Amino acid sequence: MKWRCMVCGYIYDDEQGDSESGVAPGTPFEKLPDDWICPVCGASKDLFEKLED
């Protein structure tokens with residue numbers, strides 16, 4: 001599953017995780033901590049939209 005930041009366009013990919021923030025590959029977006037932010041622009045999780053495959 002992939003999620004796009006509606007502010008800057010960053011794509012969070014569940015399969016890749018977010019190594020810069022210590023999020024392991026395979027971590028679903030829903031399991032990210034509530035205080036996780038976009039590593040590019042700092043937007044909160046509620047500013048991400050799910051991308052359809």
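Biologist: How many aromatic pairs does the structure hold?
Modeller: This is a predicted model, and the structure holds seven aromatic pairs. One of them joins Tyr10 and Phe48.

Biologist: Nice, how are those two rings arranged, Tyr10 and Phe48?
Modeller: They sit edge-to-face, with 6.5 Å centre to centre and 85° between the planes. A pair of aromatic rings is described by just those two things, the distance of the centres and the angle of the planes.

Biologist: And where in the chain are Tyr10 and Phe48?
Modeller: Tyr10 is in the loop between β1 and β2, while Phe48 belongs to strand β3. They are 38 residues apart, so this pair links distant parts of the chain.

Biologist: Is Tyr10 buried or exposed?
Modeller: Tyr10 is buried, because its relative accessible area is 19% and buried means under 20%.

Biologist: What about Phe48, buried or exposed?
Modeller: Phe48 counts as buried too, because its relative accessibility is 7%.

Biologist: Which other ring pairs with Phe48?
Modeller: Trp36 does, and that pair is tilted: 5.3 Å centre to centre, with 55° between the planes. Trp36 lies in the loop between β2 and β3, 12 residues apart from Phe48 in strand β3, and this pair also links distant parts of the chain. Trp36 is buried, like Phe48.

Biologist: Which residues form the aromatic cluster?
Modeller: Trp3, Tyr10, Tyr12, Phe29, Trp36 and Phe48 form one cluster.

Biologist: Let's switch to the strands. What is their order in the sheet?
Modeller: The order is β2-β1-β3, in an open sheet of three strands with antiparallel pairing. The edge strands are β2 and β3, each pairing on one side only. On average, neighbouring strands are turned by 30° against each other, direction ignored.

Biologist: How many bridges are there between β1 and β3?
Modeller: Four bridges, and the pairing of β1 (residues 2-5) with β3 is antiparallel. As an example, Arg4 has Glu49 in β3 as its bridge partner.

Biologist: Now the outside! Which residues form a nonpolar patch on the surface?
Modeller: Met6, Val7 and Leu47 do, and together they have about 270 Å² of accessible area.

Biologist: Where is Leu47 placed?
Modeller: Leu47 is in the loop between β2 (11-13) and β3 (48-51).

Biologist: Why does Leu47 count as partly exposed?
Modeller: Because its relative accessibility is 34%, and partly exposed covers the range between buried, under 20%, and exposed, over 50%.

Note on methods
Residues numbered from 1 in each chain as written. Predicted model: local features only at pLDDT ≥ 70, side-chain atom pairs only at ≥ 80, totals over all residues. Heavy atoms only, no water. Patch = residues over 30% accessible without salt bridge, like charges linked within 9 Å, V, L, I, M, F, W, Y side chains within 5 Å. Areas by Shrake-Rupley, 256 points an atom, 1.4 Å probe, with all protein chains shown as cover. Salt bridge = Lys/Arg side-chain N within 4 Å of Asp/Glu carboxyl O. Helix = DSSP H or I, 4+ residues; strand = E, 2+ residues; numbered from the N terminus. Buried < 20%, exposed > 50% of the residue type's maximum accessible area, 1.4 Å probe, protein only. Pairing = 2+ DSSP bridges. Axes fitted to C-alpha atoms, helices over the stretch in contact; angles between N-to-C directions. Phe/Tyr/Trp six-rings, centres within 6.5 Å; stacked < 30°, edge-to-face > 60°.
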